[in-house]
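Please keep the sequence and the coordinates at hand while reading.

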Amino acid sequence: NLLKVFLASIGCCFFIGLYWRNVYWKRFYAKQLQEAQFLNGVLMERAKQMSMSSQYLHGAESSTEPDSSITLEGNTKESVTLRLSDFLFAEAKGNYVLIQYLENGELEQTMLRTSMKNIISLLCISNEIMQCHRAYIINLRHVENVEGRSSGIGLKLYHCDAIIPVSKNYMHEVKERIKNPF
């Protein structure tokens, strides 16, 4: 009898533990979803404001400062010159860095043999470009929406299908930059 009571109590503890674990994760995912919806609202509002300002400035020059260009060079002969506003994201791939950018409205990509640290030092001079993961740098102007995930959030870009992960180390800074841009 004592063995049956002992096994029944272990079984009950096991199922109660599963129940509360499930409740915790439901709350966690609901919080992630709520945060992603809030950030998407901020992004939609910013897109509306930018479209309204571009309508008002249609005849005039839309920006007072020239769009700066930058040349990214690899350890070998390859290099790419692009405007900072056309940069989408960079992804580390071993000894290489994949750079995705817009050229004449078309999505282009280039692989450079260089370190991510080198690319960060060149690109993160702008307030709109930041590191969001150990292996990713992103241009926040091109973020279309934010997706809630079990591991955090992912950023969907306007001009490509890639979803850029945001690591827990950079989560707070990315959320603050989306809420209070540039």
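A search of the whole structure, which is a predicted model, finds eight aromatic pairs. One of them is formed by Phe14 and Phe15: the ring centres are 5.5 Å apart and the planes stand at 70 degrees, so the pair is classed as edge-to-face. Phe14 and Phe15 are both exposed. Another pair, Tyr24 and Phe28, is stacked, with 6.4 Å from centre to centre and 20 degrees between the planes. Tyr24 and Phe28 are four residues apart in helix 1, so about one helical turn separates them. Tyr24 is partly exposed at 48% relative accessibility, and Phe28 is also partly exposed, with a relative accessible area of 27%. These two residues belong to one aromatic cluster made up of Tyr24, Trp25, Phe28 and Tyr29.

The strands come next. Strands of a sheet pair through backbone hydrogen bonds, in either a parallel or an antiparallel manner. Here, an open sheet of five strands has the order 5-4-3-7-6, and the pairing is antiparallel. Its edges are strand 5 (106–112) and strand 6, each of which pairs on one side only. On average, neighbouring strands in this sheet are turned by 20 degrees against each other, direction ignored. Strand 3 and strand 7 run antiparallel and are joined by three bridges. Ala90 has Ile137 of strand 7 as its bridge partner. Helix 2 (residues 116–123) lies across strand 3, strand 4 (96–103), strand 6 and strand 7, and runs at about 160 degrees to strand 3.

Another open sheet has three strands in the order 8-9-10, again with antiparallel pairing. Strand 8 and strand 10 are its edges; each has a single partner strand, so one side of each has no neighbour in the sheet. Strand 9 and strand 10 run antiparallel, with four bridges between them. Leu155 has Ile164 as its bridge partner in strand 10. Helix 3 lies across strand 8, strand 9 and strand 10, at about 45 degrees to strand 9.

What do the nonpolar side chains do? In soluble globular proteins, such side chains tend to be buried together. In this model, the largest nonpolar core has 24 residues, of which Phe89, Ile138, Val146, Leu155, Leu157, Ile164 and Ile178 touch the most other members. The elements that contribute two or more residues to this core are helix 1 (2–56), strand 3 (87–93), strand 6 (129–133), strand 7 (136–139), strand 8 (143–149), strand 9 (152–157), strand 10 (163–166) and helix 3 (171–179). Helix 1 supplies the largest share, four residues. A second, separate core has 16 residues, among them Leu82, Phe87, Ile129 and Ile137.

Apart from neighbours within four places in sequence, Val146 is in contact with Ala36, Leu39, Asn40, Leu43, Ile153, Gly154, Leu155 and Ile178.

The charged side chains remain. The structure holds six salt bridges. In one of them, Glu35 is joined to Lys179, with 3.6 Å between the closest N and O atoms. Because Glu35 lies in helix 1 and Lys179 in helix 3, this pair ties together parts that are 144 residues apart in sequence. Both ends are partly exposed: Glu35 has 21% relative accessibility, and Lys179 has a relative accessible area of 30%.

Arg177 and Glu173 form another salt bridge, at 3.8 Å from N to O. Both residues lie in helix 3, four residues apart, which is about one turn of the helix. Arg177 is partly exposed with a relative accessible area of 24%, and Glu173 is partly exposed at 37%.

A further salt bridge links Lys93 and Glu91, whose closest N and O atoms are 3.8 Å apart. Is each partner buried or partly exposed? Lys93 is partly exposed, with a relative accessible area of 39%, whereas Glu91 has a relative accessible area of 16% and is buried. The cut-off behind this assignment is 20%, under which a residue counts as buried.

Definitions and conventions. Residues numbered from 1 in each chain as written. Predicted model: local features only at pLDDT ≥ 70, side-chain atom pairs only at ≥ 80, totals over all residues. Heavy atoms only, no water. Core = buried A, V, L, I, M, F, W, Y, C linked by side-chain atoms within 4.5 Å. Buried < 20%, exposed > 50% of the residue type's maximum accessible area, 1.4 Å probe, protein only. Contact = heavy atoms within 4.5 Å. Salt bridge = Lys/Arg side-chain N within 4 Å of Asp/Glu carboxyl O. Pairing = 2+ DSSP bridges. Axes fitted to C-alpha atoms, helices over the stretch in contact; angles between N-to-C directions. Phe/Tyr/Trp six-rings, centres within 6.5 Å; stacked < 30°, edge-to-face > 60°.
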